[in-house]
Amino acid sequence: MLSQPTSKLARTVVRAVAGLLPAALVATAVAQEDEVITIGITQNNVGIDSYQTTYEQAFIEAANNNPEVEAIVLDAQGDVEKQINQMRDLIQQDVDAIIIWPTQGKAVVPVVRQAERAGIPVIVTNSQIAEEGQQFIASFSGPDNITQGIYSAEIMCDRFTEMGIEDEAVIVQIAGMPGYTTAIERAQGFEERLPEVCPNVELIETQPGDWNREKSQTVMETFLTKYDDIDGVYSGDDNMGVGALNAAKAAGRADEIIFVGATNFAVGYEAMGRGEYWGSIYQSPVEDARNALRTAVAVVKGEDVPKSNYFDTPKITQENMDQYTKPVF
Amino acid sequence: MPSSDDSSGELTSGTRRAAAQPPRASGPPEAGPDPVHQQSQEALHEAEEAVVAGGIGARFRALLGLDSPDFSWTKVLAKQGILLAFVIAMVGFSLASDRFLSFDNFSSVLRQSSIIGIMALGVTIVVISGNLDLSVGSMLSFATILVVDLHDKIGPAPAMAVALVAALACGAINGTLVGVLRLNSLIVTLGMLSAIQGFTLIYSGGQNADITNQSDTWFAFFGRGEIAGIAVPILLFLGLAIILEWVLHGTTFGRRIFAIGSKASAAEYSGINRVKTVFFSYLISAFCVWCAAVVMGSRVMGSQNTVGKGYELLVLAAIIVGGASLLGGSGKISKTVIGVLLLGFIQNGLLLLGFSYWTQWLVTWVVIIVAVWLDVGARRGRLLSPYA
């Protein structure tokens, strides 16, 4: 279940140190083999969750497997200030492209602009930067959270229709961390799509679960106290969804509730296998990382890249889960 | 350094029995309780005597200190404000929501509060001794990840043992740095908050841990079990509260904690082993975190790397609301329990009424600020003036 952290950590450290080498040194290296594309990446917070950890491993692997690419892998550890400094370092080193996983959508805009001024294309990965920064980026590579929300609404509605309760079902939502773009977009996609496909299903209440399973369990316990009839729970990811499932099981009401999440986690996948959890959205951090690298390489080579280069996040339910392997996170 | 038993007993029991017997002349003057403290202790003692003498009316008057010679409503508010706030909140929520006042809801709030509560008990002791422990949030993440991850690998009991050793090791580091080296506890434990979180991430490689077979393990007992219809986390919380209340008020160790928190130098002059006492206070805090981690792991049957992130502030909030002074020397386990429950019921009540999360943040903030204000007001003897 757990990876070998030491080797991964060592590699990251080596690369992080390499990233701090004086710009001149790197410039010489690039001049000697000019077919090599140097791509710098500054990540949000590796190690904070399995997704970001797997993302980094996949990114390093993809970069190692691509002989054209020399990657400088950095991690901002969730610190905006640190990320801005890392961006400046990468600009200083005159890399061919910078991939950024924003720690904060607004605060990084000025430094992204600085990179664009220096002629270095910036690719945003996984989480969007703020609207005013869009003009400075070459492309966004990542999952489409709004589409994920939309798909979740469709999964929920399809299931209610199968059960014949699409005209009377009431549901609650447990959203992600307030203020987090991913949380907002997943809620938005769901809330907009649901009335279109199932106009009579009522979303009676939304509360944040802060991406935390224990918090989500607490919120769900209160929902169960408050409402005698809940037919469905939509949660911002499976981690929170399983927290809600725990609460419903403890209250003996899990059988009457359809659980749908917006990102499939291993715990959600297992609960689906046990028939307790209905469906989710399959988002692979490996595909996320590879897509970011592909996008960056394409941008450097001058290929035509769409401004939003999404990777596919298919629906997964108890019915089709055998087509997918268990998520690594 | 002379043997501490006699003099420390004298010093601190002097604080407690001030009204009953005059302080002994032989005691070092600077070791005596400060006058304000002593005065309030006297009032408290008179109140206790009144309780013994009379019925419910007297009990009520004693609780509010109505018979005290220097009676003022400010003091009542300051002393029992937390209790009043608790009663007002409970009555308000009961009137506003018909779901609030039910056995199931109470039981579920108590269960939810027990994790924060168990941690708060240990930190209360650290706070009374005049120090802080901010590392408990990360320690909770670490111990929970350990116990959950090792559960499937080496079995529940060994996993719990390893987590206990790890938690106590963290506590021992805190205790050594603050107790032996006398470093500032705020800085030490803030640093440990980061360090332990980092260590947790290295251990887990950033992966979440989960218990695979959730229905067949006796480990489920701690978070999901019941004894006589009462959830085990609640019993653990209240059981620990009773034990620690006894430790604080019924043992020499407890009196030393108060003595060091009131005036560390005076306590040392009177022969109290400050190093040992501070060290053990951090071990108690770590032990409580371990108990909370076992409940958390068992309740959730899985753990995120950052599951305890921010809990240190919730714990501190509950303690502050409970009226323990962050400067040390005062505080009560029972009031911390009420502080924990007040915050728990407020969150639950606002959720039941359908208020959004920012309202909960706002209300929590207001409650904490008012609690601190009342506390300071009590020291100054007036609420609306910056001067004593």
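Author: Two residues are in contact if their C-beta atoms, placed from the backbone, lie within 7 Å. In this predicted model, S280(A) touches D238(A), V260(A), G261(A), A262(A), T263(A), N264(A), G268(A) and I316(A), leaving aside residues up to four places away in sequence.

Reader: Why is S280(A) called buried?

Author: A residue is buried if 20 or more other C-beta atoms lie within 10 Å of its own. S280(A) has 31 C-beta neighbours inside 10 Å, and therefore counts as buried. The residue sits in strand β10 (residues 279–281) of chain A.

Reader: What is the make-up of chain A in helices and strands, and what share of its residues counts as buried?

Author: Chain A holds 11 helices and 12 strands. Of its 329 residues, 55% count as buried. Among contacts in chain A between residues at least 6 apart in sequence, 73% join residues at least 24 apart.

Reader: Which domains are assigned to chain A, and what contact do they make?

Author: The assignment gives domain 1 (5–143 + 285–312) and domain 2 (145–282). Taken over C-alpha atoms, the centres of the two domains of chain A are 33 Å apart. Each of domain 1 and domain 2 of chain A gives 4 residues to the contact. On the domain 1 side, these are 1 nonpolar and 3 polar residues, with no charged ones.

Reader: What makes α8(A) and α5(B) roughly antiparallel?

Author: Angles over 145 degrees count as roughly antiparallel. The axes of helix α8 (residues 213–226) of chain A and helix α5 (residues 103–128) of chain B cross at roughly 175 degrees and come within 10 Å. The two helices are therefore roughly antiparallel to each other. T218(A), E221(A) and T225(A) of α8(A) meet D104(B), N105(B), S108(B) and Q112(B) of α5(B). By class, this contact has 5 polar and 2 charged residues, and no nonpolar ones.

Reader: How many residues does each chain give to the contact between chain A and chain B?

Author: Chain B gives 29 residues and chain A gives 33 residues. On the side of chain B, α5(B) supplies the largest share, 4 residues. The residues of that side divide into 10 nonpolar, 14 polar and 5 charged.

Reader: Why is α11(B) described as roughly perpendicular to α13(B)?

Author: Angles of 65 to 115 degrees count as roughly perpendicular. Helix α11 (residues 252–262) of chain B packs against α13(B) at an angle of about 105 degrees, with the axes 10 Å apart. This angle makes α11(B) roughly perpendicular to α13(B). The contact joins F253(B), R256(B), I257(B) and I260(B) of α11(B) to R274(B), T277(B), V278(B), F280(B) and S281(B) of α13(B). It has 5 nonpolar, 2 polar and 2 charged residues.

Reader: Which residues touch the most other members of the largest nonpolar core?

Author: Of the 191 residues in this core, they are I118(B), M119(B), L140(B), A143(B), V289(B), A292(B) and V315(B). Helix α13 (residues 274–300) of chain B gives the core its largest share, 15 residues. The core also draws at least three residues from each of domain 1 and domain 2 of chain A. Not counting residues up to four places away in sequence, A292(B) touches I115(B), I118(B), M119(B) and L140(B). In soluble globular proteins, nonpolar side chains tend to be buried together.

Terms used:
Residues are numbered from 1 along each chain as its sequence is written. Chains are lettered from A and ligands numbered from 1 in the order in which they are written. This is a predicted model: local features need pLDDT of at least 70, side-chain atom pairs count only at pLDDT 80 or more; totals for chains, interfaces and linings use all residues. A nonpolar core is a set of buried Ala, Val, Leu, Ile, Met, Phe, Trp, Tyr and Cys residues joined through C-beta atoms within 7 Å. A residue is buried if 20 or more other C-beta atoms lie within 10 Å of its own, exposed if 12 or fewer, and partly exposed in between; C-beta atoms are placed from the backbone. Domain bounds come from an automatic or database domain assignment. Axes are lines fitted to C-alpha atoms, for helices over the stretch in contact, and angles run from 0 to 180 degrees between N-to-C directions. Angles under 35 degrees count as roughly parallel, over 145 as roughly antiparallel, 65 to 115 as roughly perpendicular and the rest as oblique. Ala, Val, Leu, Ile, Met, Phe, Trp, Tyr, Cys and Pro count as nonpolar, Asp, Glu, Lys and Arg as charged, and the others, Gly among them, as polar.
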